[in-house]
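Visitor: I would like to learn how to read a few features from a model. Please take them one at a time.

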Amino acid sequence: MAANNTKTFRKEWNANQKKLRNNLENVDRVEQSITLYLPHHAVLHSVAVTETATWSYFDDLLQDLTGEQMRLVPENEDHSIAWMIWHMARIEDVAMNMLVMGTPQILHQGSWLEQMQMNYHHTGNETSAHDLEQLNATIDIDALLAYRLAVGQRTQAIVRGLQAVDMTRKVDPKRIEQVLADGAIMEAASSITDYWSKRNIAGILLMPATRHNMVHLNEIEKVKRKVM
């Protein structure tokens, strides 16, 4: 997709995000909002996240990037593309599974850590220079992309099963406690769980499952220009 078309996509995406923010908690519009939400979320993942998608912003950004380029931290940047993919996937996995559904993370269903060659599982918020360096040096890119795809597919399934009554339900404090106990969020980054504790389910769908991903995908676009 050409740069001007990408700009148009982002403008349309932001408009849809505003519609969702206004309508997800409206009992009379929840069904319509979920119909809008599913492709709105899917476009931030690989096209393989659904059976109907033909283009995604994520795939477009990763086009022509090598694994080595994805591991680089350019000058005046804080993170690599690989780190941002890990971070997006981990945040969405934790928020959608542990907070929305109260179920185990995708990460712990199978051998994802082993496949990705990772020996820590926190989201990367307030990560140390050592952990960032380790991720960039060792993470298996193909496994990382497969993990993020699995997270996106799970989110799609979760959203399809939500009802109007779910949208205004506050995040259960016990689920927040479990996130911290699991070590998914490091203590230094506990302000994230403070934010989540004030949200309802509609709020989690909007941030992080959509807006957070978009923020980092835009960051990937900027970093890509520096590593290619």
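Visitor: How do the residues lining the second largest pocket divide into nonpolar, polar and charged?

Guide: Six are nonpolar, four are polar and none is charged. Ala, Val, Leu, Ile, Met, Phe, Trp, Tyr, Cys and Pro count as nonpolar; Asp, Glu, Lys and Arg count as charged; the others, Gly among them, are polar. Keep the source in mind. This is a predicted model: local features need pLDDT of at least 70, side-chain atom pairs count only at pLDDT 80 or more, and totals for chains, interfaces and linings use all residues. Residues are numbered from 1 along each chain as its sequence is written, and side-chain values use heavy atoms, leaving out hydrogens and water.

Visitor: What is a pocket here, and which residues line the second largest pocket?

Guide: On a 1 Å grid over the protein atoms alone, a pocket is an open set of points where a 1.4 Å probe fits, with protein on both sides within 12 Å along at least five of seven lines; lining residues have an atom within 4 Å of a point. In this case the lining is Leu-38, Pro-39, Ala-42, Val-43, Thr-50, Thr-52, Ala-53, Thr-54, Trp-55 and Gln-156. The space inside comes to about 170 Å³. That volume is the space filled by probe spheres set on the points, which are joined across faces, edges and corners.

Visitor: Which helix gives the most to that lining?

Guide: Helix H2 (residues 30-42) does, with three residues. Helices are DSSP runs (H or I, at least four residues), numbered from the N terminus.

Visitor: Where does Ala-53 sit?

Guide: Ala-53 is in the loop between H2 and helix H3 (57-62). Its relative accessibility is 30%, so Ala-53 counts as partly exposed. Buried means under 20% relative accessible area, exposed over 50%, and partly exposed in between (1.4 Å probe, protein chains only). Ala-53 and Ala-42 are 11 residues apart along the chain, with 7.7 Å between their C-alpha atoms.

Visitor: What describes two packed helices?

Guide: The angle between their axes and the distance between the axes. Axes are lines fitted to C-alpha atoms, for helices over the stretch in contact, and angles run from 0 to 180 degrees between N-to-C directions. Start with H2 and H8, which pack at about 175 degrees with axes 10 Å apart. They are therefore roughly antiparallel. H2 brings Ile-34, Tyr-37, Leu-38, His-41 and Ala-42, and H8 brings Gly-152, Thr-155, Gln-156, Val-159 and Arg-160. By class, this contact of H2 with H8 has five nonpolar, four polar and one charged residues. Contact means heavy atoms within 4.5 Å.

Visitor: At what angle do H5 and H7 pack?

Guide: Helix H5 (residues 81-101) and helix H7 (residues 129-138) pack at about 105 degrees, their axes 9 Å apart. H5 and H7 are therefore roughly perpendicular. The scale: under 35 degrees is roughly parallel, over 145 roughly antiparallel, 65 to 115 roughly perpendicular, and the rest oblique. Ala-82, Trp-83 and Trp-86 of H5 meet Leu-132, Leu-135 and Asn-136 of H7. The classes in this contact of H5 with H7 are five nonpolar, one polar and no charged.

Visitor: Is Arg-90 buried or exposed?

Guide: Arg-90 is buried, at a relative accessible area of 0%. Arg-90 lies in H5. Setting aside residues up to four places away in sequence, Arg-90 touches Gln-105, Leu-107, His-121, His-122, Thr-123, Tyr-147 and Ala-184.

Visitor: Which residues does Leu-144 contact, leaving aside neighbours within four places in sequence?

Guide: Ala-82, Ile-85, Trp-86, Met-116 and Ile-139. Leu-144 is in helix H8 (residues 141-160). Leu-144 is buried, also read from a relative accessible area of 0%. Leu-144 and Ile-85 are 59 residues apart in sequence, yet 7.6 Å apart from C-alpha to C-alpha.

Visitor: Where is Ala-164 found?

Guide: In helix H9 (residues 164-167). With a relative accessible area of 26%, Ala-164 is partly exposed. Beyond residues up to four places away in sequence, Ala-164 touches Val-27 and Val-30. The C-alpha atoms of Ala-164 and Val-30 are 5.7 Å apart, across 134 residues of chain.

How values were computed
Helices (H or I, at least four residues) and strands (E, at least two) are DSSP runs, numbered from the N terminus.
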